[in-house]
Amino acid sequence: MTLTVNGVERSAEVEARTLLAELLRDHLKLTGTHVGCDTTQCGCCVVHLDGKAIKSCTILAVQAKGRSVTTIEGLAQPDGTLHPMQEAFREHHGLQCGFCTPGMVMMGADIARRNPGADEKLVRHELEGNICRCTGYQGIVEAILSVANPDAVRKDHH
Amino acid sequence: MGQFGIGQPVRRKEDVRLLTGKGQYTDDINIEGQAWAAFVRSSHANAKILGVDTSAALDLPGVIAIYSGKDLEAAGVGVLVNEAAYKNRDGSPMHKPSRQVMPTAQTRFVGEVLAIVIAESAEQAREAAEAVEFDFESLPAIASTARALDADAPKVWPEFGTNQVVHWEYGDESNVEAKLKAAHTRVKVDLINNRLAPSPMEPRCVVATYDAGDNMLTIYSPTQGGRRLQTMLAKNLLKMPMDKVRIISHDTGGGFGVRSKMYPETVAVAFAARQLGRPVKWRGDRVETFMSDYHGRDQINHAEMGLDADGRIVALKLETLLNVGAYLSENGVRLPMEGGGRIIPGVYHVPEFYFSVRPLFTNTVCTDTYRGAGRPEANYITERLMDAAADACKLSRAEIRQRNFVTQEQMPYATHLGFVIDSGDFAGTMDMAMKAGHWDTFAERRKESEARGKLRGIGLAVFIEGAGSRPVEGMRVRFEENGEVSVIAGTYSHGQGHATVYSQLVNEFLGVDYDKVKLINGDTANSPAMANGSFGSRSSMVGGGGINRASKLIIAKGKKIAGHLLQADPETVTFENGVFKAGAGTMTIDEVAQASRDPKKLPDGVTPGLDEEVTYENDVENFPNGAHVVEVEIDPDTGVLEIVSYVAVDDCGTVLNPFIVHGQVYGGVAQGVGQALTEDVLYDDDGQLLTASYMDYGMPRAKNMAHVEALFNTVPAKTNELGVKGAGEAGATGAPPAIVSALCDALEPYGIRHIDMPLTPEKIWRAIQAARTGKAA
């Protein structure tokens with residue numbers, strides 16, 4: 001099968017049961033996309049399929065045939081300039097161990113794109129499908145708000 | 001010093017790499033020619049193993065080998081380590097069952113590893129694991145903490161005749177009982193400290209390679225520092241020379257105590273790689289992680305407190321049951337005594353104390369350290385007692401605490417079990433939290449909630465911790481030829497931002513550019529000989545203190561070299577902002593480091609190089625403390641509880657980087673909120689694990705959390721040179737009692753004074769219904 005990954009056409013031979021996450025990690029060696037559960041709950045594996053956030057552990061690789069996938073490796077500019085959501089995660093301490101981070105950033109970018117002017121409550125609701133064990137979500141929520149609606153970021157600390 | 005020094009909210013060095021998908025977690029590592037492992041796990045909570053038939057599995061395509069406990073035993077593999085040695089009051093020792101890596105005669109919990117299957121692909125290994133046939137004789141099981149000591153409870157280890165590991169006691173029970181009887185006011189609480197699944201987001205994973213040529217075993221796995229695991233593997237389990245076992249953790253996706261342990265899977269994968277002379281990889285899935293990662297908490301506590309007519313504590317009696325699981329893990333059995341016990345009775349002065357701990361076996365996976373490791377349980381008991389005492393003495397929750405705080409004048413203050421608290425402003429910290437939480441205007445907000453049909457409550461908890469356990473650590477500072485400075489740490493950063501904070505410290509102490517400092521950790525091949533790793537909120541004191549001490553040695557040596565080269569008396573050389581100065585002459589630290597490589601440029605008796613390695617040692621831990629104020633709103637018709645505001649004030653001593661410490665606080669609070677509201681590991685009566693996925697286990701999500709306002713009331717520790725107090729576990733310690741306090745405040749109109757965690761809507765709704773109808777919940 002052939003698909004576009006991070007702007008580059010890629011081909012791989014996969015079994016019918018191969019998941020998109022497995023295609024990315026095992027076949028294309030794009031290990032930035034993580035797998036943290038077996039039940040579509042944790043969101044560590046979120047990538048963009050034709051610009052929309054999806055859980056790559058929950059669709060078959062063949063369903064992405066001929067389509068365009070963006071992973072965490074493809075989010076920054078080719079010159080290394082971070083995507084605004086990546087920069088926001090750094091600025092707002094949206095990550096600690098980094099394992100849920102690729103999924104959170106890809107989800108965050110999607111939330112901000114769909115919800116300009118979002119408030120904190122909406123962002124927390126939108127993160128229902130992404131679990132983080134380190135940050136208490138505070139830096140993640142602030143990072144997403146800072147892109148979607150900078151005025152909504154609270155100013156009570158750094 | 002400057003924008004990168006101590007106390008600055010420096011953004012993390014680690015982040016760009018992790019934000020661009022360049023992290024290297026164990027599952028990202030694949031080695032040419034690797035085979036895959038899958039485990040056969042017990043489906044029985046308690047069963048005799050009558051036999052195993054691997055023939056059908058071995059015939060499946062791609063299967064390379066299958067090893068069960070008997071194979072490991074025949075190969076001389078040792079047993080898992082437990083060093084606990086508690087005694088009953090009569091001097092008799094605790095029961096200590098030996099734990100094989102994979103049991104050969106009996107399995108004692110669901111998910112226990114019974115055999116490892118190696119195949120060419122992960123799928124083939126899994127399919128073959130399902131084809132391995134164990135012949136079991138099922139036995140009755142016990143999973144319940146509350147019932148494990150019942151006379152008719154099945155015995156996990158029949159040879160002991162009891163499920164009780166030991167009955168450990170402190171203090172004079174009859175004296176404390178007499179003081180309680182004589183007390184003006186006597187209050188009691190019965191508490192369940194719910195069992196939790198630590199759940200780092202990275203599932204457990206092991207990659208092992210073995211080079212027969214030089215008998216070298218290399219293991220990649222998520223850890224909290226590899227040296228202890230290396231020691232156990234080499235000395236106790238695989239019986240190899242220490243320097244022939246290497247453990248590497250590049251990135252680890254969360255630790256929380258549970259990643260610091262030696263697990264059977266690690267031994268089995270390493271054994272298979274050595275046996276086959278081929279790399280072997282095991283990628284655990286989340287179900288396996290739930291079944292086999294050690295769990296946390298799981299205590300039942302009965303506590304009684306006596307107070308005098310002024311509401312001052314006269315005596316405390318505490319009886320703890322601890323579910324240790326089917327075996328003794330490395331540290332689990334220690335936690336009530338050494339984790340929690342030493343800090344009891346928290347921030348309050350308690351003249352008389354009796355403490356009884358009965359750890360007990362059940363047919364469940366072991367419990368062990370999880371964020372806080374005994375201190376959250378201890379503080380939960382004390383804080384629930386103080387709320388009960390406030391009720392009984394008709395004092396406010398603040399007033400009862402105020403009257404009993406250990407004061408700064410009483411410090412250093414020795415707790416009954418041997419901690420000496422050097423510093424802390426408990427009254428000031430509580431006051432700060434109440435002000436920030438607008439305690440005085442709460443009534444207005446409650447009215448506003450009532451107008452919307454909601455019940456509003458405000459909660460308070462004041463807590464103290466002991467941080468920096470095992471205060472010994474190796475730290476090396478190395479000057480590189482390219483002008484960079486490496487910190488080679490015995491600690492291991494797995495989310496805490498050590499690369500950032502250690503760089504700040506090197507910048508502060510040695511004036512080296514922040515950007516020129518790098519952290520090397522997570523590989524036993526190059527870490528200092530003494531390398532305990534990171535757990536127990538220890539890295540700020542032992543890692544930071546180690547860098548401080550190494551820096552002092554570097555400066556002292558640098559002065560000798562600079563003095564020699566600047567033709568000045570070394571005694572007159574000064575060092576500031578990275579520059580050695582003698583009269584008009586100056587040398588940067590990098591110039592001195594480069595010159596120090598050339599023996600011709602050195603004064604007599606000075607060895608080449610400016611690098612220093614120290615083994616940081618301290619006699620004592622440190623005592624972070626804090627106060628949380630939280631407001632909740634409850635819908636009485638549904639039982640749904642929402643956290644509407646949260647204030648956390650921490651005294652974690654000198655703050656090295658407030659940005660990172662706040663992150664620790666937020667994350668800790670979330671884990672405490674999880675314990676209080678959503679998390680509960682449940683086994684059914686037959687010992688089947690009911691909560692083995694994120695569908696069933698209530699991980700706190702973003703919507704469960706409120707914005708946390710984190711503040712500091714800084715009182716530097718007097719017992720370490722940086723004045724730091726570990727910040728990692730405070731949030732998880734303060735949150736559960738604060739939230740339950742708020743719940744009870746909200747439900748006071750119904751006379752509800754306690755509900756056990758987790759405070760699910762169902763439990764809250766049932767309690768309200770029962771109160772409305774006058775029946776027990």
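In what order do the strands of the open sheet of four strands in chain B run? The order is S21-S20-S19-S25, and the pairing is mixed.

## Basis of the model

This is a predicted model, in which local features need pLDDT of at least 70 and side-chain atom pairs count only at pLDDT 80 or more, while totals for chains, interfaces and linings use all residues. Residues are numbered from 1 along each chain as its sequence is written, and chains are lettered from A and ligands numbered from 1 in the order in which they are written.

## The four-stranded sheet of chain B

Strands (E, at least two residues) and helices (H or I, at least four residues) are DSSP runs numbered from the N terminus. Two strands pair if DSSP finds at least two bridges between them. In the open sheet S21-S20-S19-S25 of chain B, the edge strands are S21 (517–520) and S25 (612–617), each pairing on one side only. From one strand to the next the twist averages 20 degrees.

S19 (residues 472–479) and S20 (residues 485–489) of chain B run antiparallel and are joined by five bridges. Phe479(B) stands opposite Val485(B) in S20(B). Helix H14 (residues 498–510) of chain B lies across S19, S20 and S21, at about 130 degrees to S21(B). For such angles, axes are lines fitted to C-alpha atoms, for helices over the stretch in contact, and values run from 0 to 180 degrees between N-to-C directions.

## Nonpolar cores

A nonpolar core is a set of buried Ala, Val, Leu, Ile, Met, Phe, Trp, Tyr and Cys residues joined through C-beta atoms within 7 Å. A residue is buried if 20 or more other C-beta atoms lie within 10 Å of its own, exposed if 12 or fewer, and partly exposed in between, with C-beta atoms placed from the backbone. The largest core has 235 residues, and Val506(B) and Ile739(B) have the most contacts inside it. A second, separate core of 53 residues includes Val77(B), Cys205(B), Val206(B) and Ala268(B).

Residues are in contact if their C-beta atoms, placed from the backbone, lie within 7 Å. Not counting residues up to four places away in sequence, Val506(B) touches Val477(B), Val485(B), Val487(B), Val512(B), Val517(B) and Ile547(B).

## Domains of chain B

An automatic or database domain assignment supplies the domain bounds. Chain B is divided into domain 1 (2–21 + 469–617), domain 2 (31–139 + 199–292) and domain 3 (422–463 + 622–773). The centres of domain 1 and domain 2 of chain B, taken over C-alpha atoms, are 38 Å apart. Their contact takes 14 residues from domain 1 and 17 residues from domain 2.

## Where chain A meets chain B

In this interface, 47 residues of chain A are in contact with 45 residues of chain B. On the chain A side, the elements giving two or more residues are H2 (84–91), H3 (101–114), H4 (120–126) and H5 (138–148). H2(A) gives the most, with four residues.

H5(A) is mostly covered, with 11 of its 11 residues buried. The cover of its buried residues includes H2, H3 and H4 of chain A, together with helix H17 (658–678) and strand S28 (708–712) of chain B.

## Ala21 of chain A

Ala21(A) lies in helix H1 (residues 20–27) of chain A. Ala21(A) counts as buried because it has 23 C-beta neighbours inside 10 Å. Leaving aside neighbours within four places in sequence, Ala21(A) is in contact with Thr33(A), Val35(A), Cys45(A), Ser56(A) and Cys57(A). Lys55(A) is 34 residues from Ala21(A) in sequence and 8.2 Å away in space, C-alpha to C-alpha.

Definitions and conventions: Two residues are in contact if their C-beta atoms, placed from the backbone, lie within 7 Å.
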